[in-house]
Amino acid sequence: MPQPRGAELEAVRARRAELRERYLEPSAQRPDPTVKGFHHVALICRDVEETIRFYQELLGFPLVELVENRDYAGSSHFFFDVGNRNLLGFFDFPGHDHPPFQETIGAVQHIALSTDAENFAAARKRLDEAGVEYLGPDRGVEDSLYIRDPNGVGLEFYREELAVFEGAPLLDD
């Protein structure tokens, strides 16, 4: 996709600065969130077994539940443990067409997964051994590695602590 340039780029940057000034509160003034966090992120998959094998066998995320979707007969709803009491959930919808991934408004661009240096290196090695293509850390972002799962979902392995972005804490302890 074409990136803005020249005056258009400057207008985008000015708008971002205006939004930061208007909405970004200093941490001492931020209200507490109204929820505890994500229970799970729910995504759609084409094939239950392919998705289980990818996340559990390749990425090392244990499958912790597999049940029938309460809202759609025959559909599966299943969860993976991605650490720190966070769950990644999937549904399948047998009989529905699943078009190829397309980056569009309202879609998930990617899910960033916090990891340490040792597990980052291990993930990269497993992806290399499995022949899974990825972007990074060769494009100036040395702490990120990007892949797509079999359903087109973007995943980022981010070698950074939770709630920290580019070395700067985003939240107070």
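What follows is a conversation about the core, the strands and the pockets of a predicted model.

User: I'm new to this one, so which residues touch the most other members in the largest nonpolar core?

Analyst: This is a predicted model, and its largest nonpolar core has 24 residues, among which Tyr55, Leu59, Phe90, Ile147, Leu155 and Phe157 touch the most other members. At least two core residues each come from strand 1 (40-45), helix 2 (48-58), strand 3 (76-81), strand 4 (87-92), strand 5 (111-115), helix 3 (117-130), strand 6 (144-148) and strand 7 (154-159).

User: And which element gives the most to that core?

Analyst: That is helix 2, which supplies five residues. As a general point, nonpolar side chains in soluble globular proteins tend to be buried together.

User: What is phenylalanine 90 in contact with?

Analyst: If neighbours within four places in sequence are left aside, phenylalanine 90 is in contact with Leu43, Ile44, Cys45, Thr51, Tyr55, Ser76, His77, Phe78, Phe80, Asp149 and Asn151.

User: Moving to the strands, how many residues of strand 3 are buried?

Analyst: Five of the six residues in strand 3 are buried, so that the strand is mostly covered by the under 20% cut-off for relative accessible area. Strand 3 pairs with strand 2 (residues 63-68) in the antiparallel sense over five bridges, and its pairing with strand 4 is also antiparallel, over five bridges.

User: Which residues stand opposite histidine 77 in those pairings?

Analyst: On the strand 2 side, valine 67 stands opposite histidine 77, while in strand 4 the bridge partner of histidine 77 is phenylalanine 91.

User: What about the hairpin of strand 3 and strand 4, where is the positive phi?

Analyst: Five residues lie between the two strands of that hairpin, and glycine 83 there takes a positive phi near 95 degrees.

User: Changing topic, how much space lies in the largest pocket, and which residues lie nearest its centre?

Analyst: The largest pocket holds about 1300 Å³ of space, and of the 41 residues that line this pocket, Asn86, Ala112, Ser114, Leu162 and Ala163 lie nearest its centre. Two or more lining residues are given by each of strand 1, strand 4, strand 5, helix 3, strand 7 and strand 8 (164-165), and strand 5 gives the most, with five residues. By class, the lining divides into 21 nonpolar, eleven polar and nine charged residues.

User: Which residues of strand 5 are on its covered face?

Analyst: The covered face of strand 5 consists of Ile111, Leu113 and Thr115, whereas Ala112 and Ser114 make up the uncovered one. That uncovered pair is also among the residues that lie nearest the centre of the largest pocket.

User: What does strand 5 pair with?

Analyst: One partner is strand 7, with which strand 5 pairs in the parallel sense over five bridges, and in that pairing alanine 112 stands opposite glutamate 156.

User: What volume does the second largest pocket have, and which residues are closest to its centre?

Analyst: Its volume is about 410 Å³, and of the 18 residues that line the second largest pocket, Ile44, Phe101, Ala107, Asn151 and Val153 are the closest to its centre. Strand 1 provides the largest share of this lining, three residues, and by class the lining has nine nonpolar, seven polar and two charged residues.

Conventions: Residues are numbered from 1 along each chain as its sequence is written. This is a predicted model: local features need pLDDT of at least 70, side-chain atom pairs count only at pLDDT 80 or more; totals for chains, interfaces and linings use all residues. Side-chain values use heavy atoms; hydrogens and water are left out. A nonpolar core is a set of buried Ala, Val, Leu, Ile, Met, Phe, Trp, Tyr and Cys residues joined through side-chain atoms within 4.5 Å. Buried means under 20% relative accessible area, exposed over 50%, partly exposed in between (1.4 Å probe, protein chains only). Helices (H or I, at least four residues) and strands (E, at least two) are DSSP runs, numbered from the N terminus. Contact means heavy atoms within 4.5 Å. Two strands pair if DSSP finds at least two bridges between them. On a 1 Å grid over the protein atoms alone, a cavity is a set of points where a 1.4 Å probe fits but cannot get out, and a pocket is an open set with protein on both sides within 12 Å along at least five of seven lines; lining residues have an atom within 4 Å of a point. Grid points are joined across faces, edges and corners, and a volume is the space filled by probe spheres set on the points. Ala, Val, Leu, Ile, Met, Phe, Trp, Tyr, Cys and Pro count as nonpolar, Asp, Glu, Lys and Arg as charged, and the others, Gly among them, as polar.
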